[in-house]
Amino acid sequence: MMLVLVAAGSVFFPGLFLLTKKSLKQLMGWNDGEAAVVSTRLVSSVQAVMASSAGFIITSSCRDVIEDRHWLTDAYILFATPYFAYDIYAMFLCYRHKMQVKGHEEAELRGGSNLVSDYLRQELLMVLHHVFMVTFCFPASLLWRQGKGDYFQGILFLAELSTPSVSLGKVLIQYKQQHTLLHKVNGVVMMFTFFCFRVLLFPYLYYAYSRYSSLPLLAVPLVAPWQCNLGAALLWPLQLYWFALICRGAFRLFTQRSNKGHDSSSTNQTGRH
């Protein structure tokens with residue numbers, strides 16, 4: 001059964017990507033790169049909806065945060081793990097298309113290995129995040145926790161609630177739609193969901209266990225399994241860093257619009273004089 005679920009995930013995510021890319025090329029008349037970018041974001045959003053749905057079902061079913069079990073926990077871990085391996089390649093296709101759009105065709109001419117190394121430098125944190133999810137979080141979630149804490153695993157699944165808005169934001173930026181109302185609304189949703197379900201997620205995990213065990217919050221890391229502490233120590237700073245980038249982008253966009261409005265107002269006043 002374990003191999004069946006892993007095989008299903010290995011077929012589902014790349015298969016959905018290829019099907020979506022082919023459909024977009026036929027229906028929209030897009031080239032291979034444009035279709036790959038949107039298909040990658042769509043697959044990420046589908047995975048996010050599936051993961052967060054699983055997380056909601058698991059967390060709402062587990063009354064005892066340590067002992068209660070739900071069959072969907074291990075099943076979705078097995079099914080979703082191949083997604084992270086697939087996504088590394090899908091992100092590379094997006095990067096290659098971005099370089100082509102920017103007029104960097106010479107990157108192709110320098111050779112595939114150089115393009116890959118450029119991609120790894122540009123997307124190093126995301127690639128390391130995905131590798132860590134497969135090599136550490138997969139065995140930690142499936143084997144090392146020994147059937148304990150399905151509730152906490154469900155909470156971790158809920159982190160994916162921010163992914164659809166992040167994916168939509170990247171597509172809108174790719175097609176220069178930053179001026180639209182959709183981009184503004186999506187930006188607010190993205191900041192809210194990312195802060196609640198990624199930035200606050202790890203402190204909440206420790207808080208929930210402190211309530212369960214009647215321990216002071218600061219004492220929880222001293223009794224928590226080392227795998228939990230290591231995972232939190234490596235993943236939470238990434239979430240803080242990415243949230244800071246989101247806030248910086250929002251601030252930059254806001255100040256640009258304010259400056260444009262100020263310049264427009266100054267021009268009108270000058271015209272009156």
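Analyst: The following account begins with the overall fold and then turns to one pair of helices.

The model is predicted. Of the 273 residues in the protein, 42% are buried. Where contacts join residues at least 6 apart in sequence, 76% of them link residues at least 24 apart.

The pair examined here consists of helix H2, which spans residues 32-61, and helix H7, which spans residues 150-157. Two packed helices are described by the angle between their axes and the distance between the axes. For H2 and H7, the axes come within 7 Å and cross at roughly 150°. Angles over 145 degrees count as roughly antiparallel, and H2 and H7 are therefore roughly antiparallel to each other. Their crossing is left-handed.

On the H2 side, the contact is formed by Ala51, Ser52, Ala54, Gly55, Ile58 and Thr59. Their partners in H7 are Asp150, Tyr151, Gly154, Ile155 and Phe157. By class, the residues of this contact comprise six nonpolar, four polar and one charged.

Cysteines complete the description. Cys62 is buried, with a relative accessible area of 5%. Cys94 is also buried, at a relative accessible area of 8%. A search of the whole structure finds zero disulfides.

Note on methods. Residues are numbered from 1 along each chain as its sequence is written. This is a predicted model: local features need pLDDT of at least 70, side-chain atom pairs count only at pLDDT 80 or more; totals for chains, interfaces and linings use all residues. Side-chain values use heavy atoms; hydrogens and water are left out. Axes are lines fitted to C-alpha atoms, for helices over the stretch in contact, and angles run from 0 to 180 degrees between N-to-C directions. Helices (H or I, at least four residues) and strands (E, at least two) are DSSP runs, numbered from the N terminus. Angles under 35 degrees count as roughly parallel, over 145 as roughly antiparallel, 65 to 115 as roughly perpendicular and the rest as oblique. A crossing is left-handed if the near helix is turned anticlockwise from the far one by less than a right angle, and right-handed if clockwise. Contact means heavy atoms within 4.5 Å. Ala, Val, Leu, Ile, Met, Phe, Trp, Tyr, Cys and Pro count as nonpolar, Asp, Glu, Lys and Arg as charged, and the others, Gly among them, as polar. A disulfide is a pair of cysteine sulfur atoms within 2.5 Å. Buried means under 20% relative accessible area, exposed over 50%, partly exposed in between (1.4 Å probe, protein chains only).
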